[in-house]
Amino acid sequence: MARKPLLHYFNGRGRMESIRWLLAAAGEEFDEKFMETAEDLDKLRNDGSLMYQQVPMVEIDGMKLVQTRAILNYVANKHNLYGKDMKERALIDMYVEGVADLNEMTIVFPVHPPGVKETKLSEIKDKAKNRYFPAFEKVLKSHGQDYLVGNKLSKADILLVELLYNVEELNPGATASFPLLQALKTRISNLPTVKKFLQPGSQRNPPDDEKCREEAKIIFH
Ligand SMILES: N[C@@H](CCC(=O)N[C@@H](CS)C(=O)NCC(=O)O)C(=O)O
């Protein structure tokens, strides 16, 4: 039997959380090996496992993959979540890159010092409300279908819904004036695999807290 993917990261959301979401939504079980110290990271670096000396790193199907987007693309290809042709893939890429731009702001939000946090939160609220959410609402409205691309579930839907959860955690009600985004969120959340992932006790992480930040500081100096 093929081995489950093994995820190497610290015990927090960070850049790994989207990979957890996509694997879970695809129904692919995975194991995790959490780094706890700088030595754990050095060990991976010294044994040549990290092409750029960075994590996330995922051992999957005999490969040691790094670079978040490369990992997401592999998982999406493997599970037929990456469109049926070049044009669909181009759209999926375009949507996912927009999702990633806003999600990056939510990923780094917890590490901002208290004085900066307010400004960063306003930026997230503004970009969500005035740039990204209207753009995705418009896509859904333009074709009236259940999913962003090709009327079929793709990684764009899953990563967008992860983003909706992340932004709503920081700004409850952020999707209130976007009915089609809300409907997409409900639809994706009700997929059996995602429903399971959203339940307590799954491999989904809570928002990165102070403890998690301290741990990351120790690991990454
Ligand atoms: N472009 C990379 C960035 C990876 C990255 O910045 N990883 C951080 C942890 S989240 C890291 O390993 N930092 C240590 C370093 O850069 O030396 C990706 O998306 O995977």
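Trainee: Where do helix H1 and H6 come within 10 Å, and at what angle do the axes cross?

Mentor: This is a predicted model. Start with the general idea. Two packed helices are described by the angle between their axes and the distance between the axes. Here, helix H1 covers residues 17–26, and its axis comes within 10 Å of the H6 axis. The two cross at roughly 130°. That angle makes H1 oblique to H6.

Trainee: Is the crossing of H1 and H6 right-handed or left-handed?

Mentor: Right-handed, as H1 passes H6. By class, the contact of H1 with H6 divides into seven nonpolar, one polar and three charged residues.

Trainee: How do helix H6 and helix H7 pack?

Mentor: H6 spans residues 155–170 and H7 spans residues 179–189. Their axes are 10 Å apart, at an angle of about 110°. H6 is therefore roughly perpendicular to H7. In this pair, H6 passes H7 in a left-handed crossing.

Trainee: Which residues make the contact of H6 with H7?

Mentor: H6 uses Asp157, Leu160, Val161, Leu164, Tyr165 and Glu168. H7 answers with Leu181, Leu184, Lys185, Ile188 and Ser189. Seven of these residues are nonpolar, one is polar and three are charged. Find Val161 and Tyr165 on your screen.

Trainee: At what angle do helix H4 and helix H5 pack?

Mentor: About 160°, with the axes 11 Å apart. H4 is residues 86–108, and H5 is residues 114–143. The cut-off matters here: angles over 145 degrees count as roughly antiparallel. So H4 is roughly antiparallel to H5. H4 passes H5 in a left-handed crossing.

Trainee: Which residues in H4 and H5 meet?

Mentor: In H4, take Tyr95, Gly98, Val99, Asp101, Leu102, Met105 and Thr106. They meet Glu123, Ile124, Lys127, Ala128, Tyr132, Phe133, Phe136 and Val139 in H5. The class count for H4 with H5 is ten nonpolar, two polar and three charged.

Trainee: Now the domains. What does the domain assignment give?

Mentor: Domain 1 is 6–79 + 197–219, and domain 2 is 86–189. Their C-alpha centres lie 21 Å apart.

Trainee: How much area is buried between domain 1 and domain 2?

Mentor: General idea again. The size of an interface is often given as the accessible area lost when the parts come together. For this pair, the buried area is about 1500 Å². Carbon and sulfur atoms give 58% of that area. Three residues, Trp21, Arg69 and Arg213, supply 31% of the area that domain 1 buries against domain 2, more than any other three residues. By contact count, 17 residues of domain 1 touch 17 residues of domain 2.

Trainee: One last region. What joins Val55 and Pro56?

Mentor: A cis peptide bond, with omega about 5°. Pro56 is placed in the loop between helix H2 (38–46) and strand E3 (57–60).

Trainee: Where is Gln53 found?

Mentor: In the loop between H2 and E3. Phi of Gln53 is near 60°, a positive value in a residue other than glycine.

Conventions: Residues are numbered from 1 along each chain as its sequence is written. This is a predicted model: local features need pLDDT of at least 70, side-chain atom pairs count only at pLDDT 80 or more; totals for chains, interfaces and linings use all residues. Side-chain values use heavy atoms; hydrogens and water are left out. Axes are lines fitted to C-alpha atoms, for helices over the stretch in contact, and angles run from 0 to 180 degrees between N-to-C directions. Helices (H or I, at least four residues) and strands (E, at least two) are DSSP runs, numbered from the N terminus. Angles under 35 degrees count as roughly parallel, over 145 as roughly antiparallel, 65 to 115 as roughly perpendicular and the rest as oblique. A crossing is left-handed if the near helix is turned anticlockwise from the far one by less than a right angle, and right-handed if clockwise. Contact means heavy atoms within 4.5 Å. Ala, Val, Leu, Ile, Met, Phe, Trp, Tyr, Cys and Pro count as nonpolar, Asp, Glu, Lys and Arg as charged, and the others, Gly among them, as polar. Domain bounds come from an automatic or database domain assignment. Buried area is the accessible area (1.4 Å probe) that two parts lose on being put together, summed over both.
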